[in-house]
Amino acid sequence: MLNQVGEDQGEVADDGRLQLGQGLEIGDVGPDGAGQLLAEQRRFADVPVAVAGPEVRPILERMRESSLLDLFVGTADSALRTLFHAPGGTTVPVSDDSRLTASERDRSARLMRVNHAGEVAAQALYRGQALVARDPALRADLLKAAAEEEDHLGWCAARTRALGQDTSRLGPLWYAGSLAIGAAAGLAGDRWSRGFIAETERQVCEHLDGHLERLPAADATSRAVVRRMRADEAAHQHRAESQGAAALPLSVRLGMRAAARVMTGVARYL
Ligand SMILES: [Fe+2]
Ligand SMILES: [Fe+2]
């Protein structure tokens with residue numbers, strides 16, 4: 001038997017499951033139903049609580065809390081993996097770097113350390129924006145882009161170490177600062193958040209173009225890594241642009257450039 005809980009708002013079955021109109025089931029509303037709520041929450045994250053009846057409201061609020069908790073746990077997990085474990089299922093091909101002179105190795109290693117720091121920052125920007133995104137589709141896009149770029153982290157770390165240097169010691173600083181910037185960009189609204197993605201990726205593409213000019217011609221592996229990363233960044237830029245990215249004001253674009261310049265300048269050495 002189903003109990004109607006409000007006009008067009010849903011029904012609670014005897015087994016404690018809630019159904020919304022058209023037989024849409026949103027999960028077990030019993031005390032142990034958190035797992036199912038988590039599994040179903042994204043489909044209904046945009047149901048406005050204000051219009052829900054009194055019986056439905058606590059359930060939707062629980063879904064929101066679960067979603068937020070999920071995001072926070074995911075962000076903490078991402079931070080730890082980004083900073084302390086180079087993820088990525090694709091490995092960099094073993095390369096013969098013996099043709100590089102000592103100064104070429106040093107130059108390549110520093111550039112790849114800068115790129116690794118940039119990828120740490122990128123993971124944090126995506127996560128910060130996802131934490132405050134209102135549109136579940138935007139949040140999904142951000143988390144998808146972060147997952148797609150996990151390989152970049154691993155590639156850059158592997159190349160930096162193969163060339164005899166270590167990744168930036170200031171990783172936690174890059175992550176924390178970028179998480180805050182990403183959240184601030186996201187709080188401005190979803191269209192601005194997409195605009196921020198597009199502008200970030202555009203600037204990253206320019207930055208990588210500069211690295212392709214500066215990387216030694218003999219360092220074919222680092223060059224291949226940078227080219228592949230550039231293709232992924234451009235794809236993320238175009239996806240954001242095709243989904244309604246707002247054009248950012250010049251002052252914001254210049255501020256982003258200045259922040260990136262500080263990070264890349266420091267990460268060359270630390
Ligand atoms: Fe990347
Ligand atoms: Fe990116």
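Me: Where do helix 3 and helix 5 come within 8 Å, and at what angle do they cross?
Reply: Two packed helices are described by the angle between their axes and the distance between the axes. Axes are lines fitted to C-alpha atoms, for helices over the stretch in contact, and angles run from 0 to 180 degrees between N-to-C directions. Helices (H or I, at least four residues) and strands (E, at least two) are DSSP runs, numbered from the N terminus. In this predicted model, the axes of helix 3 and helix 5 come within 8 Å and cross at roughly 155°. Helix 3 is therefore roughly antiparallel to helix 5. Angles under 35 degrees count as roughly parallel, over 145 as roughly antiparallel, 65 to 115 as roughly perpendicular and the rest as oblique. On the helix 3 side, the contact is made by Ala109, Met112, Arg113, Asn115, His116, Glu119, Val120 and Gln123. Helix 5 contributes His152, Leu153, Cys156, Ala157, Arg159 and Thr160. Two residues are in contact if their C-beta atoms, placed from the backbone, lie within 7 Å.

Me: Is the crossing of helix 3 past helix 5 left-handed or right-handed?
Reply: A crossing is left-handed if the near helix is turned anticlockwise from the far one by less than a right angle, and right-handed if clockwise. Helix 3 passes helix 5 in a left-handed crossing.

Me: At what angle do helix 3 and helix 9 pack?
Reply: The angle is about 135°, with the axes 8 Å apart. That makes helix 3 oblique to helix 9. The crossing is right-handed. Arg113, Val114, Ala117, Gly118 and Ala121 of helix 3 meet Met263, Thr264 and Ala267 of helix 9.

Me: And how do helix 5 and helix 8 pack?
Reply: Their axes are 11 Å apart, at an angle of about 160°. So helix 5 is roughly antiparallel to helix 8. This crossing is left-handed. His152, Trp155, Cys156 and Arg159 of helix 5 touch Thr221, Ser222, Val225 and Met229 of helix 8.

Me: Which residues touch the most other members of the largest nonpolar core?
Reply: A nonpolar core is a set of buried Ala, Val, Leu, Ile, Met, Phe, Trp, Tyr and Cys residues joined through C-beta atoms within 7 Å. A residue is buried if 20 or more other C-beta atoms lie within 10 Å of its own, exposed if 12 or fewer, and partly exposed in between; C-beta atoms are placed from the backbone. The largest core here has 42 residues, and Ala117, Val120, Ala121, Tyr126 and Leu142 touch the most other members. Elements giving two or more residues include helix 3 (102-132), helix 6 (171-187) and helix 9 (250-267). Helix 3 supplies the largest share, 12 residues. Beyond four places in sequence, Val120 is in contact with Thr82, Leu83, Leu153, Gly171, Trp174 and Tyr175.

Me: Why does Cys205 count as partly exposed?
Reply: Because 17 other C-beta atoms lie within 10 Å of Cys205. Cys205 sits in helix 7. Not counting residues up to four places away, Cys205 touches Arg230, Glu233, Ala234 and Gln237. Arg202 is also found in helix 7. Arg202 has 18 C-beta neighbours inside 10 Å, so Arg202 is partly exposed. Arg202 and His238 are 36 residues apart in sequence, yet 9.2 Å apart in space, C-alpha to C-alpha.

Me: Where does Ala246 lie?
Reply: In the loop between helix 8 and helix 9. Ala246 is partly exposed, because 16 other C-beta atoms lie within 10 Å. Leaving aside neighbours within four places, Ala246 is in contact with Arg191, Trp192, Arg194 and Gly195.

Me: What pattern does the protein chain follow along the sequence?
Reply: The pattern is β-β-β-β-α-α-α-α-α-α-α-α-α. That is nine helices and four strands. Of the 270 residues, 35% count as buried. Among contacts between residues at least 6 apart in sequence, 74% join residues at least 24 apart.

Me: What is the mean pLDDT of the protein chain?
Reply: pLDDT is the predictor's confidence in each residue, from 0 to 100. The mean is 78, and 71% of residues reach 70 or more. Over residues 1-13 the pLDDT is below 50. pLDDT also stays under 50 over residues 16-51.

Me: Which conventions apply to numbering and to confidence?
Reply: Residues are numbered from 1 along each chain as its sequence is written, while chains are lettered from A and ligands numbered from 1 in the order in which they are written. In this predicted model, local features need pLDDT of at least 70, side-chain atom pairs count only at pLDDT 80 or more, and totals for chains, interfaces and linings use all residues.
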